[in-house]
Structure formats: C-alpha cells, structure tokens
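The tour goes stop by stop.

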Amino acid sequence: IADALDTLTLYVGDRPSIKASDVEALVGADPQIHAFALAEAAALGDAPRALGLLRHLLDSGERAEAIQPALVFNFRRLCQALEKCDSGTSPSAAAAAVGVKPMFQAPFLNALDRLSLEQGQGALHLLMGTDRRLKRGEGQSVAALERAVVSLCGLAPQRTRRPPPRH
C-alpha cells in the first residue's frame, strides 16, 4: 500500500488534493462502482449521466449482459430498503441492513429518497424483461440495455423528499 501511495503522490505532483480520476488513471476503474453510479443516476432520472456511465462501462470492455445483472442487483437492494422504510425503518438503517457500504450510503440514500416502492418494483419488472430479451438474443444487447436505462430514468419521480413512514 505504501508503494501505491508513493506512486500516487508522484503522479499528482504539487496539486493539494488527489481526485478519483487520479486513482483510476493509475489502477483502473472498478466496474462495480460505475454500475452502482449508473443505477443511482437512473433512479434519480438523470438520463444524460446514466447513459454516459453506461457508455463508459461499455467502452471499458464490460458487456451489456454483465451490466444488466448489476442493475438488477442495485435496484433489488433499493426495493428491499424501500420495504424496510415503508415499515418504519430509518433510511440509513435500511441501507445498512441491505448491505450498502458506507462509501455508497449518501448516493444510495439520495436514490432511496426519490423512489417509491412501486417505482422500484416497476424498475425491477422492466429490468427482468430486458434480462429475458438479452438471454433470448432478441435484438442488439447494447440497444436493449440503452432503452432499459432510458426507461428507468423515466420512472424517477419529480419529488425530492420521501414522505415519513406511516405508523
């Protein structure tokens, strides 16, 4: 680790801070992080960002058939957390209960704050349909995933705060 930090320090030179892009330039990007960011952008309805992240993953060599399950995984966790919130669990406790790592808590909570359980379930239904089409070889896999991402972005509500749970 010390050698990696020395290399990173040399790489950034005199700059006062180290950016994520500096680390990525030296060690490469983690596809899981980008898949999580893609799911978050889609959940927030940010189509330009979501499509940009999808394109980045594809350009990095990830296959559509590998990205799609990562989206399902992240939306499934959102639905599990939404169920917990609807039954009175605080959003941060729900995120922790479904295994969201601390470094992802803030964006996960942001997505959790924006979606209803019904919208999350709609997203899962849409993704499962995309999964079936990909497995059957129906059409181009990249185009199918792009359509799914755009559709996911359209599910995002306009509200910014989740109503408090009913007791």
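Is E65 buried, partly exposed or exposed? E65 is partly exposed, with a relative accessible area of 32%. Keep in mind that this is a predicted model.

**Stop 1: R63 and E65.** Select R63 alongside E65. The two form a salt bridge, with the closest N and O atoms 3.2 Å apart. R63 is exposed, at a relative accessible area of 55%. The structure holds five salt bridges, and two further ones follow.

**Stop 2: R55 and E146.** Show both side chains. The closest N and O atoms of this salt bridge are 2.9 Å apart. R55 sits in helix α4 (residues 47–59) and E146 in helix α9 (residues 141–155), so the pair ties together parts that are 91 residues apart in sequence. R55 is partly exposed at 35% relative accessible area. E146 is partly exposed too, at 27%.

**Stop 3: R49 and E40.** Here the salt bridge has its closest N and O atoms 3.3 Å apart. R49 counts as partly exposed at 34% relative accessibility. E40 has 12% relative accessibility; the cut-off for buried is under 20%, so E40 counts as buried.

**Stop 4: F36 and F104.** How many aromatic pairs does a search of the whole structure find? It finds one. The ring centres of F36 and F104 are 4.5 Å apart and the planes stand at 40 degrees, so the pair is tilted. F36 belongs to helix α3 (residues 31–43), while F104 is in the loop between α6 (91–97) and α7 (105–114). The pair links distant parts of the chain, 68 residues apart.

**Stop 5: A95.** Select A95 in helix α6. A95 is buried, with a relative accessible area of 0%. Leaving out residues up to four places away in sequence, A95 touches V100, Q105, F108 and L109. Draw a C-alpha to C-alpha distance to L109: A95 and L109 are 7.2 Å apart in space and 14 residues apart in sequence.

**Stop 6: T130.** Move to helix α8 (residues 117–136), where T130 is placed. T130 counts as buried at 1% relative accessibility. Its contacts, not counting residues up to four places away in sequence, are Q68, A144 and A148.

**Stop 7: C79 and C153.** Finish with two cysteines. C79 counts as buried at 5% relative accessibility. C153 is buried as well, with a relative accessible area of 8%. How many disulfides does the structure hold? The structure holds zero.

Notes
Residues numbered from 1 in each chain as written. Predicted model: local features only at pLDDT ≥ 70, side-chain atom pairs only at ≥ 80, totals over all residues. Heavy atoms only, no water. Disulfide = S-S within 2.5 Å. Buried < 20%, exposed > 50% of the residue type's maximum accessible area, 1.4 Å probe, protein only. Phe/Tyr/Trp six-rings, centres within 6.5 Å; stacked < 30°, edge-to-face > 60°. Helix = DSSP H or I, 4+ residues; strand = E, 2+ residues; numbered from the N terminus. Contact = heavy atoms within 4.5 Å. Salt bridge = Lys/Arg side-chain N within 4 Å of Asp/Glu carboxyl O.
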